[in-house]
Structure formats: C-alpha cells, structure tokens
Amino acid sequence: MLKSHEKFHSANGKRTILVVDDEMINRELLRNVLEGEYEVLTAENGQQGLRTVQEHNDTLSLVLLDLMMPVMSGTEMLRCMKENADTAQIPVIVLTSDQTAEVESLNLGAIDFIPKPYPQAGVILARIRRTIELSEDRDIIRSTERDPLTGLYNREYFYRYAEQFDQFHKEMDMDAIVVDIFHFHLINERFGTAYGDSILRQVGEKAREVVQASGGIVCRREADTFLVYCPHRTDYEEILLNASIALGEGQGKENRVRLRMGVYSNVDKSIDIERRFDRAKAAADTVRASVTKTIAIYDNALHEKELYEEQLVEDFHRAIREEQFQVYYQPKFDVRPEIPELSSAEALIRWLHPQLGMISPGVFIPLFEENGLIQELDTYVWEHAAAQIQDWKRRFRFVVPVSVNVSRIDMYDPNLIDTLQRILREHELTPGEFLLEITESAYTQDSAQIIQTVHRLRDLGFQIEMDDFGTGYSSLNMISTLPIDALKLDMQFIRNAFSQRKDTRMLEVIIDIADYLSVPVIAEGVETEEQLTALKAMGCDIVQGYYFSKPIPAAKYEHFVVERMRRDSAIRESGPALRRRAAKNRAKQDMAIGGIAHALSSGFESIYYVDISNDHYVEFSSQGQYNDLQIQRSGSDFFTDTQNNIPRVVFAEDQARVSLSLQKETLLAQLMGNQPFTMTYRLVINGRPLYYHLKAIRTAVRDHHIVIGVSNVDAEMRRQKESITYSSIAQALANDYFSIYYVDTNTDRFVEYSSHEDFQDLSIEKGGEDFFARVRADALRMIYPEDQEMVMTALKKETLMATLEANGIFTLTYRLILDGKPTYVHMKASRMADKDDPHIVIGVSSIDAQIRREQEQERELAQARELANRDPLTGVKSKHAFVEAEAQWNEKLRENKADPFAVAYCDLNGLKQVNDTMGHNAGDLFIQRACSIICNIFKHSPVYRVGGDEFVAILSGQDYQHRETLLNAFADMNREHSQSQEVIIACGLSSYRPGSDRVFEDVLKRADERMYENKAALKVER
C-alpha cells in the first residue's frame, strides 16, 4: 500500500523512470529489470533525454543517466537539468564505469550512481526505491517548509533552521531582524492583491540576496512581515535599502511602498528563537508612526518594559496568595430624590505591589487578559467582595448591593454560573445583593452564546448592568433587544458630552429611550456639579464618579453605608407623609416618554428629535433598515433648516401647505393637548414626486421636545390612487375587504357591507346614523390600545374630509383585536367617481399576513445588511460599507450635488506592539478603545474601519462646520494619553475642494498624507 504522501504518476499507478543511454542493449536490460514496478521511458542521447525530461517533468520520478553519449553527453544534460527550475528537483542516478566521473556528477547534482557492468537486479531496484522515496520525502518537506508566495522558509521551519545554525556556530554573534511594510493593506486595496503579491516577492527575494552571502536565512512570518537571522552586522540601512530596490517597477502605479525594520542585535542565545524575534518586532513597532525613522534597535528601555511585564506575570500568583490585590469600592448614588442617596457600589481592583508600589489596573488587567490570568483575578475580586458584603450584613444588619465586573472571557467559562452560585451560597448572599457588570462589547462578539448565559443568570435572580455603553458602536436598538437590568454610560462618553462643545443631545436621547423601556441609567465618571445637574435634568437615575467619591478601601466606604442606614431610619421615623411624597416622586419619575421609542419601532425612514426651547435637533435615519435607526446628522435651527429645504425637496403643488404646517407656531398649535399631527405630501426624489407621510408628537413628560417621523408611503398611495366607485363594492367584497362602508357625508348616514363571518364578533352596526361618532365609539372596543389614539384622531370627520380634499384618497393602517390577538388591517376611503356625489366609500381589509411577512423580511434583510456593513470587532461601518459610500460620493460629485464635506483619516499607534507583546485579544481591545474615541469625537459622522488599525470618518453638517475643533480634540487627547500609555491616534483631515477635486479619492489621499504628517509630529513630541 502507498504511504499517505505518495502519488500515482501514470495511468496505471506506476511511477515513471527515464533511462538515457546510447546503448540499446543497456536500455532494454534496464527496461526488463524495471517494468514490473515502473513505467519506463527511454532516450538514446542527452539531447533527446533532455527533451523527454522537459515534456514529462511533472510526472518523472527518476532519471537513470549514462555519461558517455553522442550529440549531448550525460554530464551536459545533467547540468542543463539542474539549471532549469522546472527540472532541477528530479532525482538523477548516474550510470557509469568511470569512477573519476562520479565526483563531478555528484557535484553537479546527481543523487547516486550505479556502476557498469550493472549489479544484480535486486540491488538496482533497492537503490531506485530508496532514491525515489528520499526524493519524494524531500519534496514534501520542501512544500511544507516554504511560503508558497515567496518561496522563503515559513516561520516554523525558519525557527528550526535557526536553532540548527546556532548548534554549529555557538560562538558566532547573531542578529534577529524583523522587516515589514508600512500600510501594506492599503496597497492591496488600492492597487489589487496581484500588485501586492509582486511586492512581497520582491521584498523577500531582495532580503534573501542581501544576507545570503553571510550565511543568513529569511522567512515570511505572516502577511507583510519578514524575519532575517544572520551573523551580526551593522549595515542595517543597506539591508533595508536593498530590500526596497525596484519595488513597483513596471506597474504604472505611484510607488509609496515604505519598509521599516526592528533589530535585536547580538542576540542572547539563552532565550528561545521566537522570543528573540518578539524583541525585534517590539523595536520595529516603535517606528511605526514615524515618517523619517525606519530602523529601531531593541534597547534597554524596551528590555525594561519586557522585564516589567514579565515580573508582573511572575508575581501574580504570589500576589493572590499574599492578598496584595485590594478591592476598592466606588459608591453609586441615586440622584432622583432631592438629596442623592447611596444605591450601590462597584468593586474595583487595585494592586499594591511590595516593591513596585501601586500599579494601575490599566497596566495589569490587559496583561492578565492576554496571559489567561484574568479569570483567576476576577474570581478573587468576587470572593473578597462577597465576603465584605457578608461582613457588613453581619455587623450592620443592613446591606447596599455591590456590583462586580464579569469579563468577556468569564462569560465563556462553562462553570461561571456554578462559581457565582457557590460564592453566594458560601457567603449567605442573595443575587440582588451581588450585581454583575458585563461590558457592552461582550454582547457584540459571539453574542448568541453570551446572551444565552445572561438569560440564565437573570433567571436565577442576578441583575445585569451593561457596562461601558458608548465605548464601542452602541446601537440604540441594543437597549431594547439585549437582556439587561441597567445601562451604564462609559465615563469617556460622559466626558466627551460635557467637553468644550457641551453637546449632550445624544445623552438625552439614550436616557429617554432607556426611560421608556424602564431601564435605569447609570452615568460613571461624573466629576462636576454641572454634570450632575444636567444629567439629573435629563432623567439619569444613578451617578458614579469623583463628584461623590473616588474608589476607596472598604473601611472608608463604610461611612457611606452608615450614612445611608441613618437616612433610611429617619425616613421610617418621619411617618407616612414623607413616604407618600417619596412614592409620588418615584411615580412621577417612572412615567415613560414614548416619543422616541415609539418612533424607533414604527417603520419611519427618518426621525427628528427637536428641542423646541432652542430649536436644536438630531436626525436619525434608518437607511432602509427600520429596526435600527442611526444618527445621521444634527443642527441648531430645525425650523429654519426645514423651511430652507422645502423649495428644494417638496413637490411644487405641496410646498405652500407643507411650509405653513411646519412653521414652528403652527406646528406647536396643532400639537396642543398632546394630540399628534399627521400630513401626507410629496417629495421630489430623482426627479419623481413620491408620497411621504409625516407624523409629529410631543413627548409626554419632557414638554420641551417633539418627535417628527417621516415614512415613505408612495407604493401604497400608488396602489390606491384609483377612486372607489359604488360598483366596486361587490368586487371588493369578493376579494380583500371584509367590510365596506357607504357613507353620506351630508347626513353621516351609512350602510355596512360585510363578507366574512369571522368578523361578526366585532358587533359593528349594519347601518345607521352618525357614522363618524359610532365608528369612533366602536374604536375603543375593537382597536388595539396602542393604536386607539391614532385612529380616533384620523377618523374625525374634518380630518378625513380634509385629507380627501387634498389627496383624493385617505388610508390608514392599524390593528384590531381578533381572537384576543392584534391583527393588522388597512382602511381606505375615497369619493365616488362623481365629484358632486356626497358619498364616500370606506373599505377595511386584513393585511396581517402581509405585514407579518414584510416585517420578517425586513428583519432578515436588516440582519444581512448589518453583517455586510458592520465591522464585527468594533461595530462601526465596514470596509464594504466604505466602498459603497465612496461610490455614492463619486456619484454626487459627478452630478455636482455634493454638499460640503471633509474626510478624516485615523491610524492607531502601537497595535502591532500590543498584538506581539500582549496577544491579539489585547490588540482587539486596543482597537475597540481607539474606535470608541474616534466615534465620540466624530459623533455626528459615519466612521468606517478600512484596515486593521485604520479608520476613516466622512464629515458633513455640524461635524464639518466644527472640523478644526474636532481635529484639535485629537491633539488634546494625544497629549493627555502620551503620559499614560493610552491609545495614541494620528489623524489627518482634508476638506473637499470644489472645482479641483474630481473624485472622492482626491480628498482621501490628502487626508492620508496629512495623517502621515501628524504621525511624524507625534513622534517628535514623544
């Protein structure tokens, strides 16, 4: 049986051997020996043999070659074979009686020889079998040890050969070098992968040529990263220069390829090979953001950082045993009462190292996440926090809940629930006393498994707080769809909202939605009275931050617990009056604001959230995905902007009516008494008038806001534009309508025609007087409660008749209660064909199946679009979405319809260093933190992740107007972070130049160039 790696080389499964000999008797003799096991080809001289080799090079297993032949000798044929890459790997056994020729043949590349006269057949077959087996094993090893693109060693074999080299050159000083290409992914994206592959091959070949003479070896580790192991040298610039020669030649593309190098010189051979190159990689990452410096040497500073992190990892278990880790508590205050009161606390970890002093959690937590120690640390915190709660309960007979952090890694632990239940059981706690904080990003990665775990925890009584909301791409829809008991706004989110721009509108929207869904909101990082006052006015429930207290040891935190006990005791002693007042305040605060949340679920294409006290507004757009509205833009004067847009976008015949209706005084007058205002009109889209429906409502609790929703109803209006005539009643009854009403609008008398027995339980009159009054009275019995107000308003006679006068048709979709279930129905009213006829015809049809099917299709379509257009790690728009956006902007530019815009190009500093020193999990967190910063700065603009560590934001509207301020925000942030090992982001910004910029890429290139300039400046500053 064949070995697993062997292949058939001919139709009959035999390997093929070529015999080249000018003596026919020798050819036939060898054929007789071989043909039982092999397929045999023959040639009479070297020239003929070489031609046969070239024709069968992919199937030949061996060549048996005589040396002394006419036309072309065997020696010359062997030399030609070895000079040709296609034939060089075919093994050759020389047939000769000249022993002096054996050495020359072996030097030319022959593997073995068989003497003449030939030995026994068994000897010949044994040598041939052994030669073929060795050759095939060599080919298999070669195929696995080489990178298929560049032909260089792959990483695993490279490390083995480097170790082997050290064994035989113990005293030789060696260098470990890492070479990679700046922004290689952009080369692939802009010029194509074929061009990128050619660059990789050239870099690899040039690097190999430079070090080959000194005995060095090269490998392609991954992507655009190359490793070089060579005897110590100092001409690193020469290596880099030679590796850069001729890049992009003949491609017709702008050559912007730049290389960088990290060197670990005179390596310490006592550490393993892989770690040597980790040090070289750490050095290379230090010049990642530099435009001028391209070579870095691993030095003492990098070595000390590595040693520092190693020491932290090595000291971890000792720190656990000796309880060097201390649990601090930061109080959370309920700010709904007039005097804020302690509601809970968050348990936070601190490390008081006996030699290194207090170590920041920002240093050791990512390190322990990378090294798999975070679960043990989390369990340590849970145990100590539970023991502390138990102690307070025992001493005070009173407890304030404490929340603990549960990392994403913990959520994958199959024993998580058992561990938490054990801790509660051992410390005699209830789930309500031990709250769990799970970071928002955990819900967006492998969300199905994590959400399932969260559901199980909540079923057991645990309360879940979504931590760090606002750090990643926080969809407003997450609040209503994910299993949480409280929403915790990230401190950076709060700081950005109260920065110099003081743009808190996004905070207001989130708090309003959470309020409507009865999800308490916790704001962390609150530091000033101004922030506290504003958040309280917005409806924020709980506040945590330095304004009340920084994280403090348990002994100091006890003072807050004692004060809460005293206050509760005072309330109990003050009697029922105070309790009634407190209950009244809580009831008032629990009133839901329905505006935004209702709009989010009502199928509107655009939502405008308007503050009528100052006319500021935020626009949400679904972009066809009604279940996940995202911020599109905002402005400072809604009514002025609207009036300016009406002549541009509204159909000419409807402009006067729309303009009058959307004047501020008129609209507010129509919304008096919390009644909604609705209007159908036409917008001109791509030159065609399309019907749209507008609905405006005033928020129920905070009367300084209104919500305006706009939906596309054109298809529905087109289907129904033909008037109903009296003769169509019979046809309607035979088709969709289960009820038809024939109404005399002069007398309000009516006749009902009904075709379905299923609807008799509605108890609708068959005919009678005062149609509009009766229908509105019946609505309270038949119509789904949430739709009653809408139907009652729409079926006022004056409203319906005004709509018929303006549009010629009236339509309304709502829900009836049938068999105890809400069922979608559609009402359509129109005048008779004769305009002088006072009668109207109203039909009601069931569209429940259609609506349900469309809703399901919309959900599936939204999910598919979301997957395609969202980056799975950060949640921002993906590279795919960026390509679509670029095409849309190019279309606007071609048609001269582009509004002013700018492009911001952002690049993260240090990602590769994080990946290489802390691992890819830490790298992912690094990217997410940076993305959060970018999104918070460009909060009104779409942000795209266009590469591993690169983001693009397209600025328009308010962000465009304040673009220089936003760019300065990056500079301020970078200066602040440069001293704290936080994320540094280089940013370049360029505005569209009408007349000179022909395509979107012109603006993008300038932004990219300015980003590189910013990188250089950041390097100088550091």
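I looked up Asp-615 and found it in the loop between strand 21 (606-611) and strand 22 (616-621). Helices (H or I, at least four residues) and strands (E, at least two) are DSSP runs, numbered from the N terminus. This is a predicted model, where local features need pLDDT of at least 70, side-chain atom pairs count only at pLDDT 80 or more, and totals for chains, interfaces and linings use all residues. Residues are numbered from 1 along each chain as its sequence is written, and side-chain values use heavy atoms, without hydrogens and water.

I checked the backbone of Asp-615. Its phi is near 70 degrees, positive in a residue other than glycine. Asp-615 counts as buried because its relative accessibility is 14%. The cut-offs are under 20% relative accessible area for buried, over 50% for exposed, and partly exposed in between (1.4 Å probe, protein chains only).

Next I took Glu-428. I found it in the loop between helix 15 (416-426) and strand 15 (434-439). Glu-428 is not a glycine, yet its phi is positive, about 55 degrees. Its relative accessibility is 60%, so Glu-428 counts as exposed.

Last, I turned to helix 12 (residues 361-370) and helix 36 (residues 920-937). Their axes come within 7 Å and cross at roughly 135 degrees. That makes helix 12 oblique to helix 36. Angles under 35 degrees count as roughly parallel, over 145 as roughly antiparallel, 65 to 115 as roughly perpendicular, and the rest as oblique. Axes are lines fitted to C-alpha atoms, for helices over the stretch in contact, with angles from 0 to 180 degrees between N-to-C directions.

I listed the contacts (heavy atoms within 4.5 Å). Pro-366, Glu-369 and Glu-370 of helix 12 meet His-920, Asn-921, Ala-922 and Leu-925 of helix 36.
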